Amino acid sequence: MDIEIGAKGSDFSTVDRSLVIPEELSLLPIKDTVLFPMVVMPLIVSRESSMKLVDDAVVSDSRIIALSTLKDPDIEAPGIDDVYPIGVAAAIHTMLRLPEHQRLIIQGLKRIRITECIQSEPYLRVKIEEIPEIDDFTEDEMVEIEALRRNVAEHFQSVVTLSPGLPDELQNIATSITKPGVLADTVALHLPISMPEKQALLEMPGIKERLRALLAILMREVEVLELGSKIQSQVHSEMGKTQRDYYLREQMKAIQRELGEGDERSAEVEELRRKIVEAKMTQEAEKEALRELDRLRHMSPAAPEYTVARTFIDSLIGLPWNVYTEDNLDIPQVHKILNEDHYGLDKVKERILEYLSVRKFREAGEMRHPILCFAGPPGVGKTSLGKSIARALGRKFVRMSLGGVRDEAEIRGHRRTYIGALPGQIIQGVKRSESHNPVFMMDEIDKVGADFRGDPSSALLEVLDPEQNATFRDHYLEVTFDLSKVMFITTANVLDTILPPLRDRMEVLEIAGYTEEEKLEIAKRHLVPKQLEEHGLKQRKHITFVQDGLAEIIRGYTREAGVRNLERQIATICRKVAREWAEGRDKAARISAKKVHEYLGVPRYSQQELTDRADEPGVAVGLAWTPTGGDVLFVEATKMQGGKQLLTTGQLGDVMKESAQAALSYVRSHSATLGIDANFYKDADIHLHVPAGAIPKDGPSAGVTMLTALASLLTCRKVKPRTAMTGEITLRGKVLPVGGLKEKILAARRAGVETVIVPKENRKDVVEEVPEDIRNSMRIEYVEDVSQVLELALEPDSIA
């Protein structure tokens, strides 16, 4: 910005009017103001070229410069064509230099006309000619000028009085300045009018002409200010007479109805009425909307209830009461889309295809939509699967995260009695989808909390019940809205934290972890292309992932049920390759197993761990289920001098401690069968430890593992290498079934286990849930008695 305007000065009529103005002056463009002769005004100069101009001017003899107003105030580097040709010659009285700008006090001297530009750098210099002021008047003209001067002074006093933006001290100008020309210029400077009008006054050399024009402007300003004052008084009066206004408005409306006319309010109400009819609401909702509209019609727009009523009506109108998307019933095409987006997950895909097949054959009547719950560890694609289902069906997709939601009003909405009330997230989600039958995904339903504001899980009971959600009633709307057309899909990592009645309303589809082969296929089909695109790389031209390289990433750098860490490792390699290309690489990188080690460092996981840690008696390998998938755990047993005490460590829960006690009791009661000294416990302590002590552990499925570890310790027989087991035991030596078999067997496969011992009653679960290629790649033994476990798990030869 070239010039900023400070506070304006007053009349300084002591300047010598015979002062000679040089023919060549430096030109300082100013913006948003016009300087007049004989008037003092402060300026702030901040542009470098302008500051240079001032520096040169203050050291000159005359300290006189030319000032002219910019035609366009937004121009940052003005030229000679960007300023008005008529300006003012001004003298610099004082200059204060500051780090960022200069402060000037300048006084206008005479009107000038710019005739020629003789310099443009570093600042403008121009040739000028003075514009003489016409002051040769007859006696009659002098009388007329005096009359004009008095009128201008009187009207300017009125403007100052009526205008809140002008200080009262300006009234002194009208009384203290007696010269008509100086008065006209000073009033023009302070008058709140546009820059073009001020420039026009500057360009008038005749005093009489200038006073006439100024008087016309002052009369207009006085009229506008008086009208504004009158309107303000009326508004204040009206605010105190609400009842009188209401009566007059009703009379006005009656008159307008008789004349066939309407005002803007009536047009707005009629527009809302038309939208209510076009929305095709239910009879109950339309009745409520029209009732609220009738209340709105009688309200003042200034009333607080007006906004509440208008927002409520807009909320009802905005809902997709009768807007549906047509389902894609081309079953092969839907299957193709689902396969394009996700590899595996056959159970979920089959359930969607079954639902669509029934829809296709049942043409008449209403069909209940399934309430699906995708349960599984993180990173297996639960949320993205919901998006894929919506794309395959041709429906709109809405997602709501329930993690950390503790307020019931998030589901049902707030009542309209509260300030800022809104519908709940269910209604808002349907409104955002602009469709009555979207796919509505509720993420992390297992992480819903409850506090003094209510229990959102209980509020979800109605939403996720196909028998009840057809008449869902939001607290804000207070009318029923049919949610039975919405396909609700929820996701969870664990099912135990979900309210049992809520879990009972949902059809749970468990998504276990991926096998190594599935991860390899997912990486090739989805993860690698996605990361190449995100990093600007092209397959074969910049980088090539070979199969053994991807397999090495899966085995050595990730041990998870999902594929998130796998994607991160692929992204790490892509970043490193992108950097190599940025630094001058000219040949495509081939990501083999060896290259993976170079880019990612030493492998984090090794299958050798199983052999190394279980290479002595007293150590057995068990299988555990976790919320993030399955995992292997080691149970270590040792014996020492003591007094018949069983010690358990490793943050074991009560159930796991009881399993350890049951295992010891079985070994003691069957010591003869096992070939163990019957008095082994007489003067000894037994210590059972489960490593990874920072992680809490519980559950009965480690019973067979603990018993095997004790038997191995006391018989001095090692557990066979790469053997893992799971199962609950009884004091009679029976092996009972456990859960999470698929996750446990997949974890065993990831860890390099070759033989898995599972309860015989879990055979159906293994056959149904575990993929055939996994079953064929491992030896799975089914047992029903502890003796079978020990025969399969322990090496036959005794070790001294």
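Buried means under 20% relative accessible area, exposed means over 50%, and partly exposed lies in between, as computed with a 1.4 Å probe on protein chains only. Helices (H or I, at least four residues) and strands (E, at least two) are DSSP runs numbered from the N terminus. The structure is a predicted model, in which local features need pLDDT of at least 70 and side-chain atom pairs count only at pLDDT 80 or more, while totals for chains, interfaces and linings use all residues. Residues are numbered from 1 along each chain as its sequence is written, and side-chain values use heavy atoms, with hydrogens and water left out.

**View A. Strand E3 is largely enclosed by the rest of the structure.** Six of the six residues of E3 are buried, so the strand is largely enclosed. In a regular strand the side chains alternate between the two faces of the sheet. On one side of E3 the buried residues are Val-40, Pro-42 and Ile-44; on the other they are Met-41, Leu-43 and Val-45. Strands count as paired if DSSP finds at least two bridges between them. E3 pairs with E6 in the antiparallel sense over six bridges, and Val-40 stands opposite Gln-107 in E6.

**View B. A cis peptide bond joins Glu-121 and Pro-122.** The omega angle of this bond is about -5 degrees. Pro-122 belongs to the loop between strand E6 (102-119) and strand E7 (124-130).

**View C. Asp-32 and Gln-651 have positive phi values.** Most residues other than glycine have a negative phi, and most peptide bonds are trans. Asp-32, which is not a glycine, has a phi near 65 degrees. Its place is the loop between strand E2 (24-30) and strand E3 (40-45), where Asp-32 is partly exposed at a relative accessible area of 47%. For Gln-651, phi is about 55 degrees. Gln-651 lies in the loop between strand E19 (645-649) and helix H23 (654-669) and is partly exposed, with a relative accessible area of 43%.

**View D. Leu-688 is a buried residue of strand E20.** The strand spans residues 684-689, and the relative accessible area of Leu-688 is 1%. Contact means heavy atoms within 4.5 Å. With neighbours within four places in sequence set aside, the contacts of Leu-688 include Val-635, Leu-646, Ala-660, Met-706 and Leu-710. Lys-639 is 49 residues from Leu-688 in sequence, and their C-alpha atoms are 9.1 Å apart.

View E. His-342 is buried, at 9% relative accessibility. A polar atom of its side chain lies 3.4 Å from the backbone nitrogen of Leu-385. Beyond four places in sequence, the residues that His-342 touches include Lys-349, Gly-381, Ser-388 and His-526.

**View F. Ile-75 is a partly exposed loop residue.** The loop runs between strand E4 (64-69) and strand E5 (86-97), and the relative accessible area of Ile-75 is 25%. Ile-75 touches Leu-70 and Asp-82, not counting residues up to four places away in sequence. Asn-437 is 362 residues from Ile-75 in sequence and 55 Å from it in space, C-alpha to C-alpha.

**View G. Cys-373 is buried, whereas Cys-716 is partly exposed.** Relative accessibility is 0% for Cys-373 and 31% for Cys-716. A search of the whole structure finds zero disulfides, a disulfide being a pair of cysteine sulfur atoms within 2.5 Å.

Terms used:
A polar contact is a pair of N or O atoms within 3.5 Å; within protein, one must be able to donate a hydrogen and the other to accept it, and residues adjacent in sequence count only if both atoms are side-chain atoms.
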